[in-house]
Amino acid sequence: MSARIDGGGAPVASSRGLDGFRRHVLAQGRALYRDLPWRRTRDPYAIWVSEVMLQQTQVARVDGRWQRWLGRFPTPDALAAADAADVLEEWQGMGYNRRALSLWRAATQVSDAGGVMPMDYQGLLSLPGIGPATAAGIRAFAYDLPGVYLETNVRTVFLHELYPDAVGVTDGELVPLVRSTCPPDAHDGDDDPRTWYYALLDYGAHLKRTLPNPSRRSATHTRQSRFEGSHRQKRAELVRLLLAHRTADEDGAVDGEALTEELSQLEEHAGRDRLSYGEVGSLLCELQKEGFCHKEGTKWWA
């Protein structure tokens, strides 16, 4: 399907219109369908975990880690009962450690409310770390309920098909289209919110593999900053070091000078400058404020 952009910025569809667009996407979805493990469940908690893991992380990396997470924390109650350090330990290697703590904090809220994941949109949004797309994804994939599930692969399809020549397309322009093309509810056949969004995800993933990424033409697109040598990388290394001491040492505590030396050795090994005690202390204070670690006297622990 092709489209052009009129003077007002809205897509002007070809003769197939949005109905034709939907038929085309569903056909692509059937041809490109990925039988992923989290698609074999309707458990909203399991689907929620998959949605969080898949944020800024490749599918191949999540497959395996998702199953392991559910083996260790099979329910919101089990996750809420875990120690934050255990949750971070299980998350290691997935990146963006804040996602793990948000899951843990949200699971605590769910557990405190009876252990049942909310079904309603606002109830999901009230949980830490759940934004509009994640809430819509949980509702679509667990309950077959409609919503605006606008994530990167979905955005890619709409830009490729309806805005082929446009640059700087805002999500505000896409949201009404995403809303209007999503089926209103589940019914007989293969046209329901769950199937529709799977089709968009699989077609979008295919487009990103085979074409210059159309999502770069979105107004929301930003190039991810380099991880190696970044502030974020140093924070992640500190969390890893703290968890390692927790496993190796009887009380799990380590002083700031030892952490400074350990992190500096890692930096030197990577060809970067050593860090001062003050620099590492500032990083540790940041992590402490966010709940990643604790301090008592001169000792730190996860």
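Reader: What should I know before I start?

Author: Welcome! This is a predicted model, where local features need pLDDT of at least 70, side-chain atom pairs count only at pLDDT 80 or more, and totals for chains, interfaces and linings use all residues. Residues are numbered from 1 along each chain as its sequence is written, and side-chain values use heavy atoms, with hydrogens and water left out.

Reader: How many helices and strands are in the protein?

Author: The protein has 15 helices and five strands. Helices (H or I, at least four residues) and strands (E, at least two) are DSSP runs, numbered from the N terminus. The C-alpha trace spans about 70 × 45 × 30 Å along its principal axes. Of the 302 residues, 47% are buried, where buried means under 20% relative accessible area with a 1.4 Å probe, protein chains only.

Reader: How do I read two packed helices?

Author: Two packed helices are described by the angle between their axes and the distance between the axes. Here, helix H2 (residues 44-53) packs with helix H7 (residues 98-112) at an angle of about 155 degrees, and their axes are 10 Å apart. That makes H2 roughly antiparallel to H7, a term for angles over 145 degrees. Axes are lines fitted to C-alpha atoms, for helices over the stretch in contact, and angles run from 0 to 180 degrees between N-to-C directions.

Reader: Which residues in H2 and H7 meet?

Author: From H2 come Trp48, Val49, Val52 and Met53, which meet Arg99, Leu103, Ala106 and Ala107 of H7. By class, this contact of H2 with H7 has seven nonpolar, no polar and one charged residues. Contact means heavy atoms within 4.5 Å.

Reader: And how do I read aromatic rings?

Author: A pair of aromatic rings is described by the distance of the centres and the angle of the planes. Rings of Phe, Tyr and Trp (its six-membered ring) pair if their centres lie within 6.5 Å; planes under 30 degrees apart count as stacked, over 60 as edge-to-face and the rest as tilted. The count comes to 10 aromatic pairs. One of them, Phe21 with Phe158, is tilted, at 5.0 Å centre to centre and 55 degrees between the planes. Phe21 lies in helix H1 (residues 17-32) and Phe158 in helix H10 (residues 152-162), so this pair ties together parts 137 residues apart in sequence.

Reader: Are Phe21 and Phe158 buried or exposed?

Author: Both Phe21 and Phe158 are buried. The rings of Phe21 and Trp196 have centres 6.1 Å apart and planes at 80 degrees, so that pair is edge-to-face.

Methods:
Parallel < 35°, antiparallel > 145°, perpendicular 65-115°, else oblique. Nonpolar A, V, L, I, M, F, W, Y, C, P; charged D, E, K, R; others polar. Buried < 20%, exposed > 50% of the residue type's maximum accessible area, 1.4 Å probe, protein only.
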